[in-house]
Amino acid sequence: MDDKKTKAGDWRSYQRVLLPPVKDLHKLDVYEKHEGYKALREVLTTDKWNPTSVTNEVKKSGLKGRGGAGFPTGLKWSFMPPVDPNIPRFLCCNGDESEPGTFKDRQLMEYNPHLVFEGMLIASYAMSIKTGYLYIRGEFADWITLMEEELEKAYAKGYVGKNIMGSGYSCDIVIHKGAGAYICGEESSLMSSLEGQRAYPRVKPPFPAQKGIWGYPTTINNVETLACAPLIINKGGEWFSKIGAPSHPGPVLYGISGHVNRPGVFEYPTGMLITDLINEVAGGMRGGKKLKALIPGGSSTPILRADMIEGVTMDADSLREAGSMMGTSGMLIMDEDVDIVSWLRRITHFYHHESCGQCTPCREGTGWLENIVTRLDEGQGQLRDLDILLDLCTQMEGRTVCALADAAAWPVRYTIDRFRSEFEAKCSTETVPSGGVLETA
Ligand SMILES: Cc1cc2nc3c(=O)[nH]c(=O)nc-3n(C[C@H](O)[C@H](O)[C@H](O)COP(=O)(O)O)c2cc1C
Ligand code: SF4
């Protein structure tokens with residue numbers, strides 16, 4: 001067994017902690033019977049804990065955000081400014097989840113909503129926050145209803161609201177229905193949306209900890225990130241840091257979709273071999289077909305060819321070495337029959353549709369990416385279109401208010417880089433008169 005193989009340890013005997021196999025765990029009474037709100041009680045009612053020690057425990061755990069960028073969570077919490085009793089501060093739990101290939105937060109909200117509430121309360125306590133917003137993708141109508149019902153029960157039991165468990169600490173949770181656009185999940189536009197404005201991302205700095213919701217200090221974390229907090233308190237930061245890949249530890253929800261026999265959301269340690277996830281966890285390739293390519297962490301993370309994944313594990317270091325990223329660990333698996341150019345056409349359509357239109361390189365660039373990839377897909381493109389596409393990507397990357405432009409450019413850049421011959425095979429052999437090259441398909 002080589003080094004890479006050992007990162008996820010004996011994953012076959014792994015016991016789930018984020019989504020444990022407990023019937024009706026979404027109900028408060030069942031959650032209570034399985035150590036529910038125990039971590040919160042310990043944090044609020046024993047001398048062992050104070051806001052700083054909670055944050056330090058999260059730092060010790062090595063938890064990195066599960067919303068896509070992988071930022072260290074404890075460090076993010078420590079960016080909040082010192083408490084001023086006259087200045088409110090907010091937590092926002094990001095449940096907008098709209099990127100193609102990403103569908104794991106939905107499972108947590110459906111099957112273990114109290115773990116999410118408890119995580120929000122522990123994070124709020126650590127940052128001396130008294131209001132936490134749970135921003136849920138608007139289309140998740142059923143889960144919004146379910147979470148509202150369960151939140152009401154938690155209020156009735158004194159787990160949320162005023163003087164929680166008689167500790168003197170008060171914190172409200174407000175569930176906010178998302179506004180129906182992918183961009184609402186970007187943290188600064190999420191804040192605009194919460195304030196009732198159009199969901200336009202904001203220029204950073206100032207960062208949310210300096211100037212967030214209503215201009216006040218705010219921390220934004222992903223649903224899965226916050227759900228890890230009660231586990232870290234109950235079992236200790238050290239326990240968490242020893243799960244999976246040492247540089248990117250913890251349990252993680254792998255959302256596996258595409259051409260596998262058993263698509264779904266699977267909880268395992270980080271650092272799993274991609275080949276184990278496909279062949280064992282997800283039941284292998286559908287119809288015995290060959291793997292052609294995969295996207296490891298949601299549609300914006302760079303595509304990998306089948307020959308690039310040998311020995312690669314699902315953690316930031318290994319994926320960086322392989323030429324991609326962990327993102328949201330939403331893995332899109334594609335078999336040998338996939339037409340990569342057609343696939344890219346759908347992806348470019350998505351990003352064009354979802355651009356908020358604020359910045360010119362993104363508003364115009366996403367449109368041109370879609371137009372040119374469409375033209376190539378229909379056999380009307382020219383070889384020089386590939387250079388134009390790559391040039392467009394360069395004009396978009398790192399030049400906009402938010403990262404949606406990068407997310408739109410990377411699938412194009414890496415698909416051309418790694419599947420160039422497939423684009424070339426679709427190019428028209430007819431010559432196009434000079435000036436006709438940028439006409440839309
Ligand atoms: C276009 C765009 C969409 C995003 N959508 C989401 C989302 O749906 N959920 C999420 O948690 N993070 C999303 N993010 C990342 C957030 O901006 C932010 O980094 C994240 O919520 C921070 O949480 P974490 O530190 O716990 O990972 C998105 C980012 C961009 C650029
Ligand atoms: S990069 Fe795109 S989505 Fe982000 S602010 Fe600019 S136009 Fe809007």
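How many nonpolar, polar and charged residues does the shell around ligand 2 have? By class, this shell has nine nonpolar, four polar and one charged residues, where Ala, Val, Leu, Ile, Met, Phe, Trp, Tyr, Cys and Pro count as nonpolar, Asp, Glu, Lys and Arg as charged, and the others, Gly among them, as polar. The structure is a predicted model, in which local features need pLDDT of at least 70 and side-chain atom pairs count only at pLDDT 80 or more, while totals for chains, interfaces and linings use all residues. Residues are numbered from 1 along each chain as its sequence is written, and chains are lettered from A and ligands numbered from 1 in the order in which they are written.

The mean pLDDT (the predictor's confidence in each residue, from 0 to 100) of the protein is 95, and 96% of its residues reach 70 or more. Over residues 434-441 the pLDDT is below 50; this stretch has ten contacts in the model beyond near neighbours in sequence, a contact being a pair of residues whose C-beta atoms, placed from the backbone, lie within 7 Å.

The domain assignment gives domain 1 (35-241) and domain 2 (340-426), with bounds that come from an automatic or database domain assignment. Taken over C-alpha atoms, the centres of the two domains are separated by 34 Å. Eleven residues from domain 1 and eight residues from domain 2 take part in the contact. On the side of domain 1 that touches domain 2, eight residues are nonpolar, two polar and one charged.

Ligand 1 is surrounded by 24 residues, the closest being Gly65, Gly67, Gly185, Asn222 and Thr225; a residue is near a molecule if its C-beta atom, placed from the backbone, lies within 6 Å of it. Because domain 1 and domain 2 both give residues to this shell, ligand 1 lies between them. Strand β4 (218-222) and helix α17 each supply at least two residues of the shell, and the largest share, three residues, comes from β4. Helices (H or I, at least four residues) and strands (E, at least two) are DSSP runs, numbered from the N terminus. The shell around ligand 1 comprises nine nonpolar, nine polar and six charged residues.

Around ligand 2 there are 14 residues, of which the closest are Cys356, Cys359, Cys362, Thr400 and Cys402. Helices α15 (360-377) and α17 (404-418) each supply at least two residues of this shell.

The largest nonpolar core has 128 residues, and those with the most contacts inside it are Cys93, Val116, Met120, Ile122 and Leu294. Such a core is a set of buried Ala, Val, Leu, Ile, Met, Phe, Trp, Tyr and Cys residues joined through C-beta atoms within 7 Å. Helix α7 (residues 113-126) gives the most to this core, with nine residues. At least three residues of the core are drawn from each of domain 1 and domain 2. Apart from neighbours within four places in sequence, Val116 is in contact with Cys93, Leu108, Met109, Val223, Leu226 and Ala227.

Pro205 is found in the loop between α9 (187-194) and β4. Trp214 lies in the loop between α9 and β4 and has a positive phi of about 55° although it is not a glycine.

Note on methods: Buried ≥ 20, exposed ≤ 12 C-beta atoms within 10 Å, placed from the backbone. Contact = placed C-beta atoms within 7 Å.
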